[in-house]
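Please examine the sequence and the structure shown below. The paragraphs that follow lead through selected parts of the structure in turn.

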Amino acid sequence: MSEAATAPGGASPDLLALFVWLSPAYPVGAFAYSHGLEWAVETQDIRDVASLIGWVDDLLRHGGPFADAVLLAHAFHAVEAGDEPRLVEVLELAAAFAPSRERQMETLNQGDAFVTATRAAWPAPIFERLAAIWDGRVAYPVAVGIAAAAHGLPLVPTLAAYLNAVAANLISAAVRLVPLGQTDGNKALAAATAAVREVARLADAVPLERIGGATLRSDIASMRHETQYTRLFRS
């Protein structure tokens with residue numbers, strides 16, 4: 001087990017690595033992506049704190065972030081079990097499971113950046129094996145799942161930290177775009193915690209063959225964003 005997994009004295013898991021990896025300061029470029037939220041603001045789907053809370057909650061429970069959590073969990077278990085064929089299956093599905101070009105760019109660019117940064121600063125044998133078993137790009141949730149398993153971190157807290165980071169990035173984008181004040185942003189972050197906790201517990205039980213989503217308006221937003229006249233974000 002990695003040093004990252006055990007707190008001083010061995011009393012409980014040390015989650016500090018998650019705080020580092022999923023911090024806005026970690027060099028994955030998350031700040032550049034809005035997951036289609038920029039188009040939703042332009043069309044007034046998101047216009048105030050209440051509509052933002054509803055949008056983020058739907059995404060966490062039924063949209064791309066939920067699918068990401070399922071993919072993260074399966075990648076985690078594959079690495080934990082040393083099951084490379086299963087890991088390749090997850091890598092393939094994650095790279096293909098995007099409803100638009102921008103959404104795919106968002107997950108693959110961040111995933112590649114996460115692998116590069118983590119391999120250098122938080123090395124683990126699986127990162128060196130990746131090149132031998134997979135010649136494609138790595139989606140962001142899969143990269144986080146690989147790293148967490150490699151360093152002996154617990155799955156549910158990893159899922160919660162990942163989903164919280166996704167929600168925080170969306171809310172940060174909305175604070176700038178709507179615009180909203182910092183107080184409204186904090187209210188939205190607090191409201192998202194219920195879905196984060198619930199999805200972090202549920203995602204591990206979803207088989208790969210049942211992965212899916214039902215946030216069609218968000219998927220359309222990711223497609224429409226490609227031709228949006230004025231843009232601050234890459235997705």
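**The surroundings of Q228**

Leaving aside neighbours within four places in sequence, Q228 is in contact with E38, W39 and E42, where contact means heavy atoms within 4.5 Å. The model is a predicted one, in which local features need pLDDT of at least 70 and side-chain atom pairs count only at pLDDT 80 or more, while totals for chains, interfaces and linings use all residues. Residues are numbered from 1 along each chain as its sequence is written, and side-chain values use heavy atoms, with hydrogens and water left out.

Q228 is placed in the segment after α11 (216–224); helices here are DSSP runs (H or I, at least four residues), as strands are (E, at least two), numbered from the N terminus. With a relative accessible area of 9%, Q228 is buried, since buried means under 20% relative accessible area, exposed over 50% and partly exposed in between (1.4 Å probe, protein chains only). The side chain of Q228 makes a polar contact with the side chain of E42 at 3.0 Å. A polar atom of the Q228 side chain also lies 3.4 Å from the backbone nitrogen of W39. A polar contact is a pair of N or O atoms within 3.5 Å; within protein, one must be able to donate a hydrogen and the other to accept it, and residues adjacent in sequence count only if both atoms are side-chain atoms.

S34 belongs to the loop between α1 (16–21) and α2 (37–42). Because its relative accessibility is 1%, S34 counts as buried. Apart from neighbours within four places in sequence, S34 is in contact with L170, A173, F233 and S235. The C-alpha atoms of S34 and N169 are separated by 7.5 Å, although the two residues are 135 apart along the chain.

Another part of the model is a pair of helices. The axes of α6 (residues 101–121) and α8 (residues 140–150) come within 7 Å and cross at roughly 25 degrees; axes are lines fitted to C-alpha atoms, for helices over the stretch in contact, and angles run from 0 to 180 degrees between N-to-C directions. The helices α6 and α8 are therefore roughly parallel to each other, a term for angles under 35 degrees. In α6, T107, Q110, G111, F114, V115 and T118 meet Y140, P141, A143, V144 and A147 in α8.

Finally, W21, Y26, F114, W122, Y140 and Y162 form one aromatic cluster, in which rings of Phe, Tyr and Trp (its six-membered ring) pair if their centres lie within 6.5 Å.

Note on methods. Parallel < 35°, antiparallel > 145°, perpendicular 65-115°, else oblique. Phe/Tyr/Trp six-rings, centres within 6.5 Å; stacked < 30°, edge-to-face > 60°.
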